[in-house]
Amino acid sequence: MKLNIATSLPKSTTNDCLLIFLFTDGKLKGLARKIDSDNNNLIKELYASEDFDGKSGSTSLLHNVKAGPSKRVLLVGLGERASADANVWKRAATAAAKELNNTPSTSAGSDCLVSVKLNDLNMAQMAEHLAREIAHAQYRFTLHPSQMPNAESTLQQLSLSCDKANNEPVTKGAMHGFATAQGMAAARDLGNLAPNICTPTYLADQAISIADAYANFTTEILDENAMHELGMGALLSVSAGSEQPARLIAMNYQGKKRAGSPVVLVGKGVTFDTGGISIKGSEGMDEMKYDMCGAASVFGVMHAIGMLQPDINVIGVVAAAENMPDGRASRPGDVITSMSGKTIEILNTDAEGRLVLCDALTFVHKYKPSSVIDIATLTGACVVALGHHTSAVFGNNQETIDALKNAGELSGDKTWPMPMGSEYQAQLDSNFADMANIGGRAAGAITAACFLSRFAEDLNWAHLDIAGIAWNSGKDKGATGRPVPLLMKYIEQQIKP
Ligand code: BES
Ligand code: MN
Ligand code: ZN
């Protein structure tokens with residue numbers, strides 16, 4: 001799908017479907033007003049007959065609109081004018097994207113940026129959400145060989161018109177939303193891929209593809225020998241039981257100015273988590289292919305950054321390994337030495353995410369980062385605590401935690417701060433090493449974060465536990481592409497003017 005921002009109104013030849021956003025008061029502006037008067041009060045009569053009432057999230061598709069720029073017109077409700085806010089706009093954008101997909105339209109256009117005014121969103125933010133939602137709704141997973149190919153999406157172009165004065169910020173906002181959607185699609189593809197295909201080596205190849213596709217990228221990929229040299233005993237303890245060798249992958253994007261310390265993202269890339277010798281139950285184990293969704297979000301962000309070429313330095317690091325039970329696998333009771341020199345008693349081989357991440361956190365010190373955000377499907381306990389709507393954020397720097405919370409609100413990809421005091425650290429005490437890799441049943445998401453914090457003492461560090469939000473189960477099983485929107489918004493806000 002292509003995105004087009006124009007300062008003129010949508011024309012007949014370019015749009016298969018016109019999107020018209022309306023409030024419950026039925027007041028018509030811009031194209032809505034013109035279509036209505038050119039078609040004998042078509043829209044006013046829909047209000048009169050209550051076939052369309054403008055309620056938030058409601059839609060009505062009009063076919064065969066005789067006079068006007070498009071035969072197909074999709075009306076989308078925004079509710080009461082006085083209370084229409086960011087949430088109302090997001091709901092409307094989602095509803096519009098869904099309804100649009102039920103039509104064979106190849107192009108869509110709207111004058112909503114100029115005809116609709118909302119309380120707490122400017123034109124650029126409106127454009128960002130609409131572009132993101134519509135582009136995101138075009139996602140189809142097509143990477144597995146199949147005799148029943150997924151129906152391709154038909155939409156090829158979205159055109160939004162705006163006035164000259166706002167052209168620049170609107171284009172920027174829309175591009176951010178559009179690139180975010182492309183990043184989410186890349187993350188979803190990697191998450192959805194079968195674990196026999198999406199191995200640590202496959203992930204390393206993705207980094208090379210990204211560096212080939214976009215300007216200003218360099219990559220560094222460490223194989224197991226290189227990791228041995230650096231003393232990454234924790235990461236290597238996880239891949240020890242797998243036929244698939246681990247990879248530590250670094251994607252280094254240097255923005256135009258090439259100055260300033262980088263934002264570093266670190267993704268958990270466990271391409272399949274059986275639990276190892278502390279093996280998981282077999283029910284639903286297939287979903288542990290999603291245990292690399294933190295890594296997938298890092299790849300997604302790097303894609304979007306490649307498209308946008310922002311003025312900031314960003315490094316995406318992925319700790320990729322497969323957690324399998326085997327003669328060479330780590331045992332409960334094993335004591336290993338991490339790259340930091342700190343020793344770890346492995347009491348449960350299923351607490352492997354923190355083991356791959358702790359060495360990656362030590363590794364990224366060399367970049368002298370301005371901030372480090374790790375992203376991980378780390379604990380089932382996080383799902384119990386926050387469910388499937390909100391990720392958990394932990395950290396050692398209040399400003400960074402606040403920035404992430406704010407980015408979550410702005411992007412709609414929400415995160416909520418969790419506590420991490422020294423009381424909890426004590427749960428990691430070990431009789432045989434510097435620390436144990438688990439802290440008991442209570443506060444599982446918190447003790448996992450406490451474990452990571454011990455490898456991030458000298459960093460401005462935050463940790464996102466995305467176990468509840470990275471994928472959907474059941475009928476809609478599939479990766480969500482989150483938290484790419486959150487991370488993209490966070491990075492955007494770190495750009496110094
Ligand atoms: N990848 C899992 C966490 C997970 C579980 C995410 C279920 C999403 C759904 C992680 O490696 C894990 O197994 N964590 C254990 C930790 C425990 C052994 C301390 C868990 O949460 O049960
Ligand atoms: Mn595990
Ligand atoms: Zn795991």
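In the predicted model described here, the site of the manganese ion (ligand 2) has six donor atoms with angles of 71 to 168 degrees among them, and the site is classed as irregular. Ideal octahedral angles would be 90 or 180 degrees.

The manganese ion (ligand 2) is coordinated at 2.1 to 2.2 Å by Asp273 (OD), Asp350 (O), Asp350 (OD) and Glu352 (OE). Along the chain, the donors follow the spacing D-x76-D-x1-E. Asp273 also forms a bridge between the manganese ion (ligand 2) and the zinc ion (ligand 3), which are 3.1 Å apart. Glu352 counts as buried because its relative accessibility is 1%, whereas Asp350, at 22%, counts as partly exposed.

Ligand 1 is surrounded by 16 residues, and the closest are Lys280, Asp291, Asp350, Glu352 and Gly380. By class, this shell comprises seven charged, five nonpolar and four polar residues. An oxygen atom of ligand 1 lies 2.8 Å from a polar side-chain atom of Glu352, and an oxygen atom of ligand 1 is 2.9 Å from a side-chain N or O atom of Asp273. A nitrogen atom of ligand 1 is 3.4 Å from a backbone N or O atom of Thr377. The protein buries 77% of the 510 Å² that ligand 1 exposes when taken alone.

Helix α16, spanning residues 484-494, is mostly covered, with eight of its 11 residues buried. The buried residues of α16 are Val484, Pro485, Leu486, Leu487, Met488, Lys489, Tyr490 and Ile491.

Notes:
Residues numbered from 1 in each chain as written. Chains lettered and ligands numbered in written order. Predicted model: local features only at pLDDT ≥ 70, side-chain atom pairs only at ≥ 80, totals over all residues. Heavy atoms only, no water. Near = heavy atom within 4 Å. Polar contact = N/O pair within 3.5 Å; in protein donor to acceptor, adjacent residues only side chain to side chain. Areas by Shrake-Rupley, 256 points an atom, 1.4 Å probe, with all protein chains shown as cover. Nonpolar A, V, L, I, M, F, W, Y, C, P; charged D, E, K, R; others polar. Buried < 20%, exposed > 50% of the residue type's maximum accessible area, 1.4 Å probe, protein only. Helix = DSSP H or I, 4+ residues; strand = E, 2+ residues; numbered from the N terminus. Donors = N, O, S within 2.8 Å, 3.2 Å for Na, K, Ca; no water. Tetrahedral: all angles 85-135°; square planar, octahedral: opposite > 155°, others 65-115°.
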